[in-house]
Amino acid sequence: MSASFSTGADGVRYRDLNRNGRLDPFEDPRLEPEERVADLLLRLSLEEKVGLLFHTVIECGPGGAVLEGPGAICKSGTRQVVLGKHITHFNVHALGTPTEAARWHNAVQELAEDAPHGIPMTISTDPRHGFSENAGAGFAAGAFSQWPEPLGIGALRDPATAHRYAEVVRREYVAVGIRAALHPTLDLATEPRWARQQHTFGQDPHVVAELGLAFLRGLQGARLGPGSVACTAKHFPGGGPQKDGEDAHFPYGREQVYPAGRFGDHLEPFRDAVDAGVAAVMPYYGMPVGLELNGEPVPAVGFGFNRTVLQGLLRDELGYDGVVLSDWELINDNHVGNQVLPARAWGVEHLDPHARMQLMLEAGCDQFGGEECVEVLIDLVAQGRVGEDRVDESAGRLLLVKFQLGLFDDPYVDEAAAAEVVGCEEFVAAGLAAQAESVTVLHDPRGLLPLDDGPRRIYVEGMSAGEASALGTVVDRPEDADLALVRIQAPFEPRSDLFLEAWFRAGSLEFPPGLPVRLARVRAACPLIVDVTLDRPAVLGPVMDVADVVVASYGTSGPALVRALQGASRGRLPFDLPRSMADVRAHAPDRPGLDDPLLACGYRWDPAIVATGSRRQET
């Protein structure tokens with residue numbers, strides 16, 4: 001694909017990235033990555049090194065073309081940021097077909113060869129194998145194989161499935177040139193109202209740690225190499241304990257609190273990820289309030305600005321020497337269309353962009369997520385506020401990952417093969433099976449499940465007639481049916497003032513009062529099965545009171561739900577379900593588990609256990 005491949009006098013095939021006609025140490029695939037980093041750092045200009053410290057959004061153009069101007073969210077044309085700003089790390093949003101995605105990736109890599117030292121691009125992504133679409137957190141699968149959201153992997157509690165899931169993700173990512181994953185999310189789902197729980201593995205620290213390790217090993221392998229995807233464990237030191245359940249993307253959700261003193265639970269999965277050699281760690285936006293570590297108060301500033309947490313805890317205590325990538329846009333406000341999302345400079349809002357960036361570097365960050373303001377860092381160096389040696393430190397960490405991934409030796413992908421790998425029959429089947437198996441039966445006192453193949457007339461809502469036909473003949477009215485199946489979403493309060501707000505499902509966990517009444521009318525005509533898609537816990541008591549069967553899903557297609565209802569389901573609740581919003585408000589956000597849940601984490605319907613009156617079936 002590239003014109004830069006050369007053969008040295010001793011027969012070594014290499015890429016002459018600086019086009020000087022000779023094999024330099026940083027181009028020599030026989031040398032250790034650390035040696036190549038040391039050589040390249042000495043050759044780079046300040047501007048090239050500074051560019052390495054930025055990780056911003058990029059989009060694929062029509063037909064796999066390189067965008068010459070801004071995209072839907074990305075602020076600048078690709079040529080401008082690659083050659084003008086020397087940025088070499090990009091979080092890809094819009095992608096076309098697998099062939100177009102691979103074509104675009106190769107075009108971007110070819111563009112990178114025009115830079116002075118041809119540093120290859122690292123393309124990253126948020127999760128994109130599930131069902132939800134959120135430009136600030138993840139994407140629906142599209143052409144990729146579709147799996148339950150990570151919360152559904154948590155419901156399976158099976159490290160082998162988590163590892164298999166990660167292996168599929170790795171193979172599909174690599175096929176289109178994605179070599180960095182901005183996941184796994186190792187936060188604990190301890191605050192029932194928090195809007196980001198669907199990308200976690202649940203509330204149990206031990207389960208999250210175990211599944212997180214399995215996922216990490218599936219993407220990275222035993223060590224980073226040419227077939228690996230570098231992982232970013234987020235959001236250090238645990239983003240779950242949000243005050244009032246509000247998310248730290250937004251000013252009203254900036255505080256993380258620890259009234260139960262359970263900081264250690266949230267840290268546990270990250271300890272394991274660090275020990276396993278995770279390539280990058282991302283601190284969350286949140287600012288800790290009232291937190292102490294080793295008897296000393298932690299400053300009430302966002303974790304990306306927090307030296308006590310990043311240098312003191314992560315680097316010094318846990319011994320981490322990998323990349324620290326900040327969450328997105330801590331330095332500048334983000335204006336998209338007619339909306340704005342203020343910079344998440346929680347606790348340091350009064351500082352200007354220069355001072356915010358300087359503080360992040362002093363705290364221990366290596367890379368600025370969502371930013372492309374390279375001129376600010378160049379100015380800080382010119383003013384003597386940041387030493388060039390500090391830039392070298394972070395640039396070296398970032399280059400090391402590129403060398404370990406083999407990007408300097410060959411970053412290109414096979415465009416023809418991409419469509420054969422991405423969304424192939426094997427991967428789609430595995431994802432469909434995981435969707436079905438992750439479904440959790442919560443309530444079935446009449447023993448209606450599993451459904452047999454007998455003839456029946458079925459009324460459905462929230463599911464196509466074609467999908468439901470696998471369960472019987474679809475009719476238009478409950479009164480004409482032998483069985484009703486209604487699919488509903490967990491409740492939330494819509495918001496859309498700030499950019500991204502509309503995509504974050506926050507607020508009350510109670511269903512509107514009319515829903516149980518409407519469901520009761522359906523049930524009066526025929527037995528009723530209700531499937532609730534849980535991206536957060538819900539107050540399910542009123543629904544359970546009016547349904548014959550209630551199941552929970554976490555990203556499940558119609559065909560997968562049919563399989564689940566026919567007996568494939570084996571999921572367990574990945575978090576507690578509350579009895580009321582009063583119980584939620586009284587709960588300490590940092591403590592895994594409610595005092596008296598309606599159904600406890602680990603629960604699934606078992607008539608033998610339910611007969612004893614227990615709804616606690618933790619495993």
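Modeller: The model is a predicted one, and its count of disulfides comes to zero. A disulfide is a covalent bond between the sulfur atoms of two cysteines. C231 takes part in no disulfide, as the nearest cysteine sulfur, that of C365, lies 19 Å away. C231 is buried, and its relative accessible area is 1%. C365 also counts as buried, at 0% relative accessibility. For the sulfur of C365, the closest cysteine sulfur is that of C373, at 13 Å; this is too far for a bond, because the two sulfur atoms of a disulfide must be within 2.5 Å.

The packing of helices may be taken next. Helix 7, residues 205-220, packs with helix 8, residues 263-275, at an angle of about 25°, and their axes are 9 Å apart. Helix 7 is therefore roughly parallel to helix 8. The crossing in which helix 7 passes helix 8 is right-handed. On the side of helix 7, the contact involves P205, H206, V208, A209, L213 and L216; these meet D265, E268, P269, D272 and A273 of helix 8. Sorted by class, this contact of helix 7 with helix 8 has seven nonpolar residues, three charged and one polar.

Helix 18 spans residues 558-568, and its buried residues are G558, A560, L561, V562, A564 and L565. These buried residues pack against two helices, helix 14 (425-438) and helix 15 (465-468). They also pack against strand 20 (483-489), strand 21 (528-533) and strand 22 (549-553).

Definitions and conventions
Residues numbered from 1 in each chain as written. Predicted model: local features only at pLDDT ≥ 70, side-chain atom pairs only at ≥ 80, totals over all residues. Heavy atoms only, no water. Buried < 20%, exposed > 50% of the residue type's maximum accessible area, 1.4 Å probe, protein only. Helix = DSSP H or I, 4+ residues; strand = E, 2+ residues; numbered from the N terminus. Contact = heavy atoms within 4.5 Å. Axes fitted to C-alpha atoms, helices over the stretch in contact; angles between N-to-C directions. Parallel < 35°, antiparallel > 145°, perpendicular 65-115°, else oblique. Left-handed = near helix turned anticlockwise from the far one by under 90°. Nonpolar A, V, L, I, M, F, W, Y, C, P; charged D, E, K, R; others polar.
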